[in-house]
Amino acid sequence: MATPATSGQASGGDFDKVLVLDFGAQYAQLIARRVREAHVYSEIVPRDISAAEVKAHDPVALILSGGPASVYAEDAYELDPAILDLGIPTLGICYGHQAMAHALEGVVEANDVAEYGRAELTVSGESVLFRELPDEQVVWMSHKDAVSQPPAGFTVTASTGDSPVAAMEAPERGLFGVQFHPEVAHTEFGQDVLKHFLYDVAAARPNWTHVGIIEQSVAAVRDAVGSGKVICGLSGGVDSSVAAALVHKAIGDQLVCVFVDHGLMREGEGRQVEATFRRSFHMNLVHVDAADRFLDALEGVSDPERKRKIIGETFIRVFEEVAADLEDAKFLVQGTLYPDVIESGTKDAAKIKSHHNVGGLPEDMHFDLIEPLRDLFKDEVRAIGEELGLPEEIVWRQPFPGPGLAVRIIGDVTQERLDTLRAADAIVLEEIRRAGLYRDLWQTFGVLPAIRTVGVQGDGRTYAYPLILRAVTSDDAMTADWARLPYEVLERISTRVINEVSGINRVAYDISSKPPATIEWE
């Protein structure tokens, strides 16, 4: 497979970089996002990274994340002690705080009482992290073990009733640790603590801004592409749309957008996408109707990973055919995001599912990839879309998977099931918009399991599909909570779907959060 010609704007851009070492924390992605909210670029790296590898990244600071283990467990996640001797400002959070203390011969012990949730923190003495912050403040704890004695050269700067070393500092070495979680909203001055570390300790420049990202992306694309022809796989979603707009800003008419209608989209979506981009963006747009081709390729396939890989490969084959007609364009633009890369499996993250545009790409692909959004979370992409002037209906469109309705049908994909799910999903979205909830929800959609359930309509027995309704709230799709939709909205959706969609006789509501579930069912 061809390697990316450009994998994002941070690697070659003029941005200071903070590395977040992931010790298995549920909040590792949140730490990275909080750093970015302070306008400093952050990147998540595996916990087993070596000191030499850290140095090669040339970061201005390191943050050691929390984690579920004990530093004394047989399979404890260990920190390479040489990392702490690199002279790079380092902040340990929760387990990272304990790992730092343990590596430097401090004392970490199991508490008789665990601290989970809200705690009262008392700041004592001079402190860089707590400068100009209240001496008493609320923090969020989640730990059993705790540092009872800091390493030599460290000063204790804060404590709670159950954590005598809730914060410690060795400013001359640039080493800091906090037992609490500054990245969560429940820690009332958490973002201030992070900013003090980033600005006052690491002297990080706050230039990770929307304008700065756009400028660096445009420059990176121009350098990678030169005078070459580029095609963009355009779906009409915010990710591919922002990617297309960025690349078009960089190279203009060298870009040809290819909208592949795979027949797996929602009601009327294909027509809407084509009309929007021809009318509003004046880009070169090729519309390929490949619905029959995708459906034939998916015939008899029920395994979700096979679906994704088949769809990913079929997309590429279509793009290659289009490229052959465009003087063999060698570059392919994709709207890959940072969560896509993490969920598709990297050295530091187990594979949750393959995304068709990451893990689902064929090995023999001949394109060089242009992925200007690969370093970004969804909220950052939306903000850049607004900066670029994309219309609201594109920027705030709810995420829709690249494999489309194929991964919302649990089982074989058939034309009958596609038509049934498409009709039901249109009702779901119509009622959510009618209730004024569309912008409040991360995603709302229907799932069609390929099973039949018994029902009664009129005086007769029915044997039809159930529809599973899914609605979640989230900031970046790395975690999500099920939405507490009003009963009257659920009632309207259920009544309309059962009455108006032939083949459905039951509606159920999924009240699972992520984790342990994922947002999509496949």
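Two strands are said to pair if DSSP finds at least two bridges between them. In this predicted model, strand β10 (residues 230-233) and strand β11 (residues 255-261) meet that condition, since they pair in the parallel sense over four bridges. Within this pairing, Gly233 has Val258 of β11 as its bridge partner.

**The sheet and the helix across it**

Strands β10 and β11 belong to an open sheet of five strands, whose order is β12-β11-β10-β13-β14 and whose pairing is parallel. In general, strands of a sheet pair through backbone hydrogen bonds, either parallel or antiparallel. The edges of this sheet are formed by β12 (284-289) and β14 (368-370), each of which pairs on one side only. From one strand to the next, the twist averages 30 degrees. Helix α9 (residues 304-324) lies across β10, β11, β12 and β13 (331-333), and runs at about 135 degrees to β11.

**Helix α5 and its surroundings**

Helix α5 has 16 residues, which at 1.5 Å a residue should span 22 Å; the end C-alpha atoms are 22 Å apart, in agreement with that expectation. The buried residues of α5 are Gly212, Ile213, Ile214, Ser217, Val218, Val221 and Val225. They pack against β10, α6 (238-251), β13, β14 and α11. After α5 comes Gly226, whose phi is positive, near 65 degrees.

The axes of α5 (residues 210-225) and α11 (residues 378-387) come within 10 Å and cross at roughly 80 degrees. Because angles of 65 to 115 degrees count as roughly perpendicular, α5 is roughly perpendicular to α11. The table lists the residues that make this contact.

| Helix | Residue range | Contact residues |
|---|---|---|
| α5 | residues 210-225 | His210, Val211, Ile213 and Ile214 |
| α11 | residues 378-387 | Ala383, Ile384 and Glu387 |

Val428 lies in helix α13 (residues 415-434). Is this residue buried or exposed? Val428 has a relative accessible area of 0%, and because buried means under 20%, Val428 is buried. Leaving aside neighbours within four places in sequence, Val428 is in contact with Thr444, Phe445, Leu467, Leu469 and Ile493. The C-alpha atoms of Val428 and Gly446 are separated by 7.2 Å, while the two residues are 18 residues apart along the chain.

How values were computed. Residues numbered from 1 in each chain as written. Predicted model: local features only at pLDDT ≥ 70, side-chain atom pairs only at ≥ 80, totals over all residues. Heavy atoms only, no water. Axes fitted to C-alpha atoms, helices over the stretch in contact; angles between N-to-C directions. Helix = DSSP H or I, 4+ residues; strand = E, 2+ residues; numbered from the N terminus. Parallel < 35°, antiparallel > 145°, perpendicular 65-115°, else oblique. Contact = heavy atoms within 4.5 Å. Expected span 1.5 Å × (residues − 1). Buried < 20%, exposed > 50% of the residue type's maximum accessible area, 1.4 Å probe, protein only.
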